[in-house]
Amino acid sequence: MLLAGDIGGTKTNLAVFSSETGWRKPFAEAIYTNVNYPDFESLLHEFLAQHDFPIDRASFGVAGPIVAGQATITNLPWMMDEQRLQTVFQIPSVRLLNDLDAIAHAVPHLESQDLYTLNEGQAVSGGAIAVIAPGTGLGEAFLTWDGSHYQAHTSEGGHADFAPANTFQLELLRYLMLRFPHVSFERVCSGKGIPNIYDYLKDSGYAEEPQWLAEQLATTLDRSPFIVNNALDKNACEICVATLNTFVSILASEAGNLALKVLSTGGVYIGGGIPPRILSYL
């Protein structure tokens with residue numbers, strides 16, 4: 001029995017897999033909103049209390065770097081430790097890995113039904129593969145061929161300096177430099193970054209914010225889903241459409257940057273929570 005988890009900045013997905021049911025179909029699964037729990041252990045206690053299975057191994061993809069079996073989750077005040085989780089939950093083996101490392105490990109095993117092709121290319125056999133994933137934050141990873149199989153490599157490229165690709169984005173950078181000590185790609189290409197783009201469009205006078213929208217956003221803790229959903233609506237307002245168009249343009253630029261950095265002749269894969277929701281824009 002294998003317990004697998006995806007711990008992001010906003011939510012956690014947990015699932016139990018068994019060889020009896022096949023490794024692609026979960027035996028049990030649940031999704032949790034992270035702000036409702038003081039730490040990961042509280043969340044995991046609740047899941048295991050509802051699904052009383054003898055877990056043989058556990059593997060958790062974590063939104064943040066892993067150092068000596070320990071992780072501090074980016075955008076969330078949680079600490080995780082492999083040895084402590086093994087002891088507290090009496091699981092023989094617990095492994096933590098970066099969430100983009102986890103996604104990268106999965107890429108070679110994806111099947112046609114798991115994918116949506118944006119631009120079809122001719123992959124070079126054994127060529128490096130790039131992975132970029134905007135969710136709450138912006139994650140990046142890549143894979144290289146060692147002669148027998150692909151090896152996944154982690155990266156914190158999402159925190160690299162934001163590089164404007166045109167004069168509009170240059171003004172966006174100048175605007176954000178007054179608000180943040182460091183402007184990374186994550187500041188403009190993630191769930192956290194979407195409101196930053198929106199605020200620039202509003203404050204610069206590039207697009208007008210309707211009064212009804214201002215009132216709704218004022219009472220919304222997480223503005224990103226609301227902005228995205230409005231941009232996808234057939235009656236979308238200009239400022240939300242411009243925000244999402246800017247987001248997609250920046251995502252395309254950074255995907256191209258990553259392709260150049262790792263020479264990804266094996267393909268570029270876009271993951272994360274946002275892209276599947278905005279396929280029409282991509």
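Colleague: Leaving aside neighbours within four places in sequence, which residues is Ile 239 in contact with?

Modeller: Contact means heavy atoms within 4.5 Å. In this predicted model, Ile 239 is in contact with Tyr 198, Leu 201, Lys 202, Ala 207, Glu 208, Glu 209, Pro 210 and Leu 213, its neighbours within four places in sequence left aside.

Colleague: What should I know about the numbering and the values?

Modeller: Residues are numbered from 1 along each chain as its sequence is written. Local features need pLDDT of at least 70 and side-chain atom pairs count only at pLDDT 80 or more, while totals for chains, interfaces and linings use all residues; side-chain values use heavy atoms, with hydrogens and water left out.

Colleague: Which residues touch the most other members of the largest nonpolar core?

Modeller: In soluble globular proteins, nonpolar side chains tend to be buried together. A nonpolar core is a set of buried Ala, Val, Leu, Ile, Met, Phe, Trp, Tyr and Cys residues joined through side-chain atoms within 4.5 Å; buried means under 20% relative accessible area with a 1.4 Å probe, protein chains only. Here the largest core has 37 residues, and Phe 162, Leu 172, Ile 239, Cys 240, Phe 247 and Ile 250 touch the most other members. The helix α8 gives the most to this core, with 11 residues. Apart from this core lies another, of 27 residues, including Leu 3 and Tyr 37.

Colleague: How many of the 282 residues are buried, as a percentage?

Modeller: Buried residues make up 43% of them.

Colleague: How many helices and strands are there?

Modeller: Helices (H or I, at least four residues) and strands (E, at least two) are DSSP runs, numbered from the N terminus. The protein has eight helices and 12 strands.

Notes. Buried means under 20% relative accessible area, exposed over 50%, partly exposed in between (1.4 Å probe, protein chains only).
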